[in-house]
Amino acid sequence: MSVRQANRFGFGINQSRQINYDTSDRKVRDYVTLREPSFRLCFACGGCSATCTAGEHISFNLRRMITLIRRGEIDLLRDEVTRCMLCGKCMLVCPRGVNTRNVVAMTAEAIRKLDRNEL
Amino acid sequence: MSSEIFVWPFNLGLYFILIYSVVRSTVWFRNLSRPDKLRLQRGFFGIPFMQSIKEIFMESLLHRRIFKKNFVLGYMHMSLAFGWFLLIVFGTIEADFFGEKHLNPPSHAIFFRAFNPDHGAVGLARAYTHLMDFLLAFILSGLLLAVIKRFIPSMMGMKKTTKHTWSDRTALLSLWLIFPSRLLAESFTCGTYGSGGFLTGNLGAALASFLPAAEIAPWFWWLYSLALGTFFFLLPVTRYFHIPIELLLIFMRNSGITTGDKSSSYTEVQTHACSSCGVCIGVCQMSYAAGINDIQSAYFIKGLRSDRDIAAITANCLMCGRCEEACPVGIELGPMRLIERRQGERPDTAKRFLERYSLTGRRSTIERESTQSYGYLVREEAESADVLFFAGCMTHLTPSVISAMKKIMESAGVRYRFMDEQGGVCCGRPLMLAGRDREARELINHNSDIIWKSGARILVTSCPICYKIFRESYYLEARVMHHSEFINLLIEEGSLRLGYLHRKVVYHDPCELGRGSGIYEEPRAVISYVAELQAVPEEGTMSLCCGGSLGNLTLSSGKRALIAADAARSLTMSSPDELITACPLCKKTFGQATGTRVSDIAELVAAALPKPVKKSRGRPARVTTKSLNHG
Amino acid sequence: MKPEGKKRIWAEYQKEIPDDHFFYVRSCIRQTFFAGSEQVFLKIMRDDLGKDIFEDPRHTTCTGIGYHGDVVPFETIQTVVARHFSLATEAGYKNIAISCVTSFGIYTEILETWKHFPETLERTREDLLKATGRTFDVPETISHASDIIYKFRDEIARKARFNLSDISTGKPLKVVEHIGCHYSKMFPKYGVGGAEFPHVLIGMVESWGGDIIDYPERRHCCGFGFRQYLIQANRGYSLSASRKKFESMEPYRPDFIIANCPGCSMFMDRWQYTINEIDGITYGADGQGIPVLTYEEVAGLVLGYDPWELGLQYHNVQSLPLLKRMGIRVDPAKRFLAKDGSRLPEPVGLMNE
Amino acid sequence: MKGASKHVIVAGGGVAGMEAAGSLAEMGYRVTLIEKGQDPGGHLLQWHALFPDRRPAEEVRGYLRKRLNHENISVITSTVVEKIRHHGHDVIVNLSGGTEERADAVIVATGFDLFDAHRKEEYGYGIYDNVITAAELEEMFSMGKVAKADGTLPSRVGFVHCVGSRDEKVSNNHCSKVCCVTAVKQAIEVRKMLPACEVFCFYMDMRMYGPYYEELYRESQEVHNINYIRGKVSEASVNISNRLVIKVEDTLAGRPLKMEVDLMVLMVGMEMSKQGAGLAVASGLETGVNRFLETGDHHYGNNVSRMKGVFYAGTCTAPMNITDTISHARAAVTETVRYLNGR
C-alpha cells in the first residue's frame with residue numbers, strides 16, 4: 001500500500017479483525033499438540049490466567065493464548081509468549097490436567113521455528 | 001618371532017587406540033578453559049594426583065562403589081578390570097623377566113606363550129605360570145557372570161539394563177572372545193609343548209590328547225589377536241570407551257574441574273566416561289513408577305555421544321537427582337542435562353556433521369534473541385526489614401503454609417516483611433530448569449534489587465525451588481534460609497515455645513532441598529522436636545521425588561500421579577498419622593496421591609504452638625540479631 | 001441451494017404495497033449523487049405505469065444522517081417526520097413512498113415506536129403543533145420506492161425494450177443485489193422477503209431476465225455506517241467493510257451490483273475507485289470495476305431510457321461495457337450535454353473508461 | 001386385584017407415555033394409550049444411538065415396547081386426544097375422529113416438538129443444501145453414511161448449539177438441556193465414521209449436567225479431537241464452491257471468526273408440542289411462560305396438573321432426557337395411583 005496515496009485520502013483500509021479459519025496457518029497448533037497432547041484438553045476456564053504470576057504484571061493470558069493458537073492466530077503471541085516465567089502455578093490449578101508449562105515452552109519453540117521457516 | 005604376522009591385528013588396534021587417545025586428550029585439553037587447564041596442571045603435581053591414583057585403583061579397578069551396591073555385579077566388574085590389569089602387569093613382568101630381552105614391545109607380553117611355548121615348565125617360572133593361569137581363571141569367572149547378566153539381568157539383581165547398539169554388540173563379542181581365545185590358544189600351545197599352569201597345562205594336555213594341538217594353536221592365537229585388535233578399534237565408538245576415559249575423568253575431577261553451565265571438554269569427558277551400566281535406570285522413578293523407559297540418564301548420555309536430536313529426552317526428566325547420586329562413575333548428570341536444555345534446539349544435521357568433525361568438535365549454541373522478556377516488571381520501593389519472607393509462587397497455592405509461617409514468626413517475635421505478599425515475581429529457578437538462563441537472570445536481578453534494598457539480613461523462603469536458586473545464583477548479603485532451617489534456628493535459640501504433638505509422622509525430603517541443597521538435618525531436628533519422626537525406606541540422599549517436579553517439562557499429569565502414588569506408598573508404609581514435607585509443590589502433589597494427611601513442616605510446627613497464639617512478650621528483634629551474630 | 005426454501009420465506013414476508021396514490025419523499029444522497037434515479041422513478045410511475053405520485057417541494061430531509069450521527073435527538077426527528085405526514089395529510093395522501101432506505105428505516109422505527117408507546121405519538125403531535133401549527137394523520141402504508149417497483153416489476157417487464165441478458169450469448173447477466181441495512185434488518189416485516197433473504201431486488205432482476213448471485217457476504221453492510229463515514233479518521237472501517245463485500249462477490253464475476261439504498265449505491269461505487277487508488281485492486285472482470293446501479297436506473301435501462309438521462313455518466317464505475325452487453329446504444333457525444341445544449345461538468349477518475 | 005376396574009388414559013405414546021402405561025398395567029390398572037403416530041415410540045423412533053454411552057436407541061425402545069405387551073393395555077394409534085373434561089368423578093377424553101373415552105384418570109404425555117429450524121432464517125435451513133438438523137444427522141447414522149447432499153463425504157462438520165433454545169428471537173428463553181450432550185455424542189460419531197473429517201462445535205455454554213456427560217465432553221477433546229468454539233453462530237451462507245460459510249464470534253479470542261464447513265448440523269431444541277398446546281387450550285390446562293404445561297408445584301408437584309385426575313409425564317412439562325423422562329413418568333404413575341386410591 002502506498003502511504004502517499006493513503007495520505008491523499010487521509011485514511012487507509014482497515015485490516016479485518018476477523019479470524020479466517022480457512023486461511024489462517026495452524027502449524028503452531030499442530031506442533032504444540034503433537035508434543036503436548038494435553039493441549040487438546042483446555043476448555044478455557046481461565047484458571048491459569050487467574051493464578052498467573054506474570055499475568056499480575058502484564059496482559060499475559062494463557063487462556064486466550066491457547067484459543068488463538070487453536071485458531072492459528074499467532075502474530076499477537078510472538079511477544080506475549082516470552083512473558084511467561086514458567087513458574088508452573090497454572091499447571092497446578094488446571095482442572096483438565098493440561099501441561100500448561102510445556103504448552104508455553106512448545107509454543108515459544110514453535111514460533112521460533114516458524115520465524116526461521118523450519119516449521 | 002616378534003615378526004609373527006598374527007600379532008598385527010593387535011598391534012594395529014593398540015597403536016590406533018593409543019594415538020587416538022592421545023589426540024583426543026590433547027584436543028580436550030586444548031579446549032579446556034584457562035582456569036580448568038591450570039587446575040589440571042596443578043592436579044598432576046600434588047595431592048590430587050595421589051587421590052586420583054587411589055580412586056582409579058578403588059573405583060576403576062576394584063569397583064568399590066558397585067561392590068557396595070551389588071556384590072555380584074561388583075565382582076564381575078572387578079574380575080574383568082582388576083584381573084585384566086593384573087594379567088597385563090604380571091604378563092609384562094613375565095615377558096621382561098623371562099623373555100629374551102628387556103623392554104619388549106607390548107605384543108611380547110600379550111602373546112608371551114606363543115613366542116615362548118615351552119616356558120614355565122619348572123621352578124619359579126612354573127609357579128609364575130600358575131599365577132598367570134589363576135588370573136586368567138579369575139577373569140573368566142567374571143566373564144561368565146557378564147554373559148549371564150547380558151541374557152538374564154534379573155539374576156544379577158538388575159531391574160533394567162541398557163540397550164546396545166550394533167557397535168556395542170560387536171565390541172562386546174570381541175571382548176568376550178579375548179579371554180576364552182587366549183585360554184584356548186595358550187592351552188593348545190601348552191598341550192603341544194607340555195608346558196603351562198594348572199589351567200592351560202591341564203586343559204592343553206587334555207585337548208592335545210585327541211586334537212592336533214600344534215595345528216590348532218595358531219588359529220586361536222589369530223583369534224586372540226583379532227579379538228583384541230577389533231576391540232581396540234571399536235573402542236572409541238562404543239560404550240567401552242568409558243574404560244580409558246574414566247581414568248581421565250578421575251584426574252580432572254580430582255583437580256577440581258566441575259561441569260559448570262556450558263558444554264566443555266569436561267562434559268565431553270563425562271559423556272564418554274559413562275559405561276551405560278544402567279544403574280540410573282534402576283533408580284529412576286519415571287521408569288519403575290511411571291513406566292517411561294527411554295529417557296534415563298544412560299540414554300541421555302548415549303544420545304549426546306551419538307549426537308542425535310535428544311530434545312525430548314532432555315526435557316523429560318524430573319531433575320530429582322537420584323541417578324546422579326547413584327552413578328558409579330560420578331557423572332554430574334543434572335548439570336549435564338541443564339546444559340543441554342540451555343542449548344535449546346540443535347543445529348540441523350548438516351551443520352551438526354560439520355561441527356562434529358571440525359577440529360574443536362564443539363557444538364555451537366543457537367543464539368537466543370537478546371530482547372528483554374520481563375521489561376514490564378516495575379522496580380518496587382523496598383521497605384527495610386531484618387527478615388524478609390519470600391513465600392514463592394507455589395506457596396501461594398498452599399495458603400495454609402503461609403499462615404503457619406506467619407503464626408510461627410509472630411509467636412517468635414520475628415520482625416519480618418512479607419516480600420511477595422501481593423504475589424511477587426518468580427525466583428527464576430523454573431526458567432533455569434527449562435534451560436532459559438538469560439530470562440532467569442532478568443528475574444534474579446529484579447528480586448535481588450528488592451532484597452538488597454530491604455537491607456534484610458535473613459531471607460527466609462518456604463519453597464525449596466526458590467531456596468536453591470537464592471543460594472546458588474543470587475548474589476546477596478542476606479543469609480538465605482529455608483523455613484525449616486529458620487524454624488530450627490528459632491527453636492535452638494529458644495525463641496519458640498512449642499508443645500509436643502503426639503503424632504507419628506514421616507518426613508519427605510524435597511529434591512531441591514535435600515539432594516539439591518544438602519539440607520537433611522534441620523527439618524528432621526525440627527520435626528523430632530514436636531512429633532515422633534519415623535524412618536522411611538528411602539531417605540536422605542536417595543529420598544524419592546514426589547513427581548510434581550518443575551524439572552520436567554513434558555511429563556503428563558497422569559504419569560506424575562503414578563510417581564506420586566508410588567512415592568506416597570513408600571513413604572506411608574508405616575501408616576504414619578501425617579506425611580510431612582517442606583515444599584509446597586510436594587505438599588500439593590502428595591495431597592492428591594495419598595489418604596494420609598500431608599502437611600508442611602511449618603504447619604506441623606504451627607500446630608505445636610501454644611494456643612491461643614499470643615503476641616510476643618517483649619522479645620522483639622532479639623531473635624534475629626542474635627542469630628545474625630553467629631550466623 | 002434449494003429455491004423452494006427461499007420461496008417459502010418470501011411467501012412469509014409479504015407486505016402491503018398500495019396500487020396507487022403515493023406521497024413521495026426524496027433522499028438527500030440519491031438526489032445529490034444519482035439525481036437521474038429519482039427523476040426516472042417519477043417518470044416511470046407517471047408515464048410508464050400511469051400512477052399518481054405526488055411530491056411536495058416543502059418536504060425536507062428526514063435528518064436521518066444527523067440522527068444516526070448522534071446530533072439529532074429522536075424527538076426532533078419524530079417531529080420532522082410528522083411534518084412530512086402533515087404535508088401528505090394536507091395533500092390527501094395516505095401512502096408514503098420513500099426514496100431513501102435510511103429514511104425508510106426512520107419512518108418504520110417511528111411508526112413502531114408510536115405503536116408500542118402511544119404517548120410518544122401524542123407528544124409528537126404536540127411538538128409539531130407547537131413548532132408549526134400543523135396536525136397530521138398517521139399514514140396507512142409505508143413503502144420504499146423499491147417496494148413499488150417490485151410490485152410493478154412484471155408490468156415493467158412487459159413494457160421492457162431490453163432485458164438483463166448478454167445479447168451476444170443470450171445468457172442472463174449475473175447480478176449481485178445489495179439491500180440497505182435499514183430496509184428490513186430492524187423490522188423484517190416491513191421488507192419484501194424479510195431480513196435474511198429479502199426478495200425486493202431479486203424479484204425485479206429475475207422478472208427482467210437477470211440471474212441473481214447469492215454470495216457469502218450478501219448480508220454484510222456496505223460500510224457507510226454514518227459515523228464511520230462522517231468522521232474522516234473512521235473511513236478506514238467503512239472502506240474495509242465494502243472491500244469485504246467486493247472480495248466475497250469477486251469470484252462470481254458479477255456484471256453489476258443493484259442496490260436499493262442510496263448510501264450503499266454511492267459507497268459501493270465510490271469505494272471501488274478509492275480501493276483502486278490505494279491498493280490498485282479492482283474486482284470486476286478484466287481489471288475493471290463492477291458497475292453499481294440503483295434499481296431505478298436498472299428499471300430505466302430495461303424500459304429503454306437513455307443512460308445519459310439516467311445519469312450513469314456520473315458513476316465512478318462506468319457502465320459502457322455493461323450497456324454494450326445488454327445491447328443498449330449510447331451517443332458518446334451527448335454524454336456531457338445538457339438538454340438545453342450546454343456542457344455538463346465532466347468528472348475525473350472514472351473507472352471502466 | 002385392587003383397582004383392576006380403574007381405567008387410566010395415557011395421552012401420548014412416547015417414552016413417558018409408554019413407561020407410564022407399562023407401570024400402571026403392571027400394577028393392575030386398565031390402560032388405554034393414545035398415540036398420534038402409527039406406532040408408539042415417539043422421537044426415540046428416529047434416534048440411532050443415545051448419549052452418553054452411545055448405546056443403540058433400539059435397546060431402550062425395546063424395553064419400552066415390551067412393557068406395552070400387557071393384557072391390561074390397549075393402544076389406539078393414529079389418534080390424538082383433543083380435549084379433556086370432567087364429568088362427575090370421571091374424566092372424559094375427546095379423541096380425534098369424534099369419539100369419546102371415559103377414564104378414572106388421565107396422564108398427559110404429549111411430549112415435545114423439535115424446534116422448526118426454518119425459523120432461524122439466518123442459518124438457511126431448507127435453503128442451503130448442507131444445513132441439516134440433529135435429527136436428520138441421526139437418520140444418517142441409522143443409514144450408516146454421513147454425507148453431503150451431493151453424496152460426497154464432508155471434510156469439515158460444524159455443530160451449531162442452541163438452535164431454538166435460549167433465544168429470545170424465537171420466543172424460547174428456556175434451555176433444552178439435551179442438545180449439548182447430543183452434539184458431543186454426534187460429533188464423536190462423525191469422527192468415528194469419518195476419521196479425516198474435522199469437527200467443530202459452536203456453543204454458548206457447554207451444559208454437561210448429567211452423569212458421564214462431562215466425561216464424554218472430555219473424551220471428545222482428548223480422544224476424538226473435537227474442536228469447540230464458544231460463540232453463537234450468527235449466519236451461514238454458501239460460497240462459490242457451494243461450501244457453507246459460518247460466521248461466529250470466537251468469544252474467547254474476542255474476535256469474529258469465519259469458517260467454511262461442508263455440513264452444518266443444527267442442534268434443534270425442544271418446544272411444547274403443537275398437539276399438547278392444542279389440548280391445553282381446549283381443556284383449559286395452564287401453560288407456563290415457556291409454553292410447556294404448568295405443573296402444580298415446581299418442586300414437589302411437577303406431575304400434577306391443576307385439573308383433578310389429570311397428571312403430567314415427561315417433556316410436556318419441560319425439556320428432559322430419557323432417563324429423567326422415565327423417572328418422571330414413574331412419578332406420574334405414583335401420583336395417579338395415590339389419587340385413584342384416595343378417591
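The following paragraphs describe a predicted model of a complex, chain by chain and contact by contact.

Residues are numbered from 1 along each chain as its sequence is written, and chains are lettered from A, with ligands numbered from 1, in the order in which they are written. Because the model is predicted, local features need pLDDT of at least 70 and side-chain atom pairs count only at pLDDT 80 or more, whereas totals for chains, interfaces and linings use all residues. The predictor assigns the complex an ipTM of 0.84 and a pTM of 0.86.

Chain A contains seven helices and one strand; helices (H or I, at least four residues) and strands (E, at least two) are DSSP runs, numbered from the N terminus. The order of elements in chain A, starting at the N terminus, is α-β-α-α-α-α-α-α. Along the principal axes, the C-alpha atoms of chain A fill a box of roughly 55 × 30 × 25 Å. Of its 119 residues, 51% are classed as buried. A residue is buried if 20 or more other C-beta atoms lie within 10 Å of its own, exposed if 12 or fewer, and partly exposed in between, with C-beta atoms placed from the backbone. Two residues are in contact if their C-beta atoms, placed from the backbone, lie within 7 Å. Among contacts in chain A between residues at least 6 apart in sequence, 66% link residues at least 24 apart.

Four pairs of chains touch, and chains A and B have the most contacts among them. This contact involves 20 residues from chain A and 20 residues from chain B. On the chain A side, α6 (89–93) and α7 (100–115) are the elements that give two or more residues. The side of chain A that touches chain B comprises seven nonpolar, eight polar and five charged residues. In this classification Ala, Val, Leu, Ile, Met, Phe, Trp, Tyr, Cys and Pro count as nonpolar, Asp, Glu, Lys and Arg as charged, and the others, Gly among them, as polar. Chain A also meets chain C, with 10 residues of chain A in contact with 14 residues of chain C. The side of chain A that touches chain C has five nonpolar, five polar and no charged residues. Chain B does not touch chain C, and the nearest C-alpha atoms of the two are 31 Å apart. Chain B and chain D likewise have no contact, their closest C-alpha atoms being 13 Å apart.

Chain B is divided into domain 1 (13–243), domain 2 (258–356), domain 3 (387–492) and domain 4 (497–607); domain bounds come from an automatic or database domain assignment. The C-alpha centres of domain 3 and domain 4 of chain B are separated by 20 Å. Their contact takes 28 residues from domain 3 of chain B and 27 residues from domain 4 of chain B. Within domain 3 of chain B, α21 (399–411), α22 (429–433), α24 (464–473) and α25 (483–493) each supply at least two residues of the side that touches domain 4 of chain B. That side of domain 3 of chain B consists of 15 nonpolar, nine polar and four charged residues.

Chain C has 17 helices and eight strands. The radius of gyration of chain C is 20 Å, close to the 20 Å that the globule rule gives for 353 residues, so chain C is as compact as a globular protein of that length. The radius is taken over C-alpha atoms, and the globule rule is 2.2 Å times the number of residues to the power 0.38. Of the 353 residues of chain C, 51% count as buried. Chain C is divided into domain 1 (3–145) and domain 2 (153–334), and the C-alpha centres of these two domains lie 23 Å apart. In the contact between them, 33 residues of domain 1 of chain C meet 35 residues of domain 2 of chain C.

In chain D, the buried residues of helix α3 (residues 134–143) are D:A134, D:L137 and D:E138. They cover an arc of only 105° around the axis, which puts them on the same side of α3(D); the arc is that of the directions from the helix axis to the C-beta atoms. The buried residues of α3(D) pack against β11 (131–133), α4 (179–193) and β18 (263–268) of chain D. Just after α3(D), D:G144 adopts a positive phi of about 85°.
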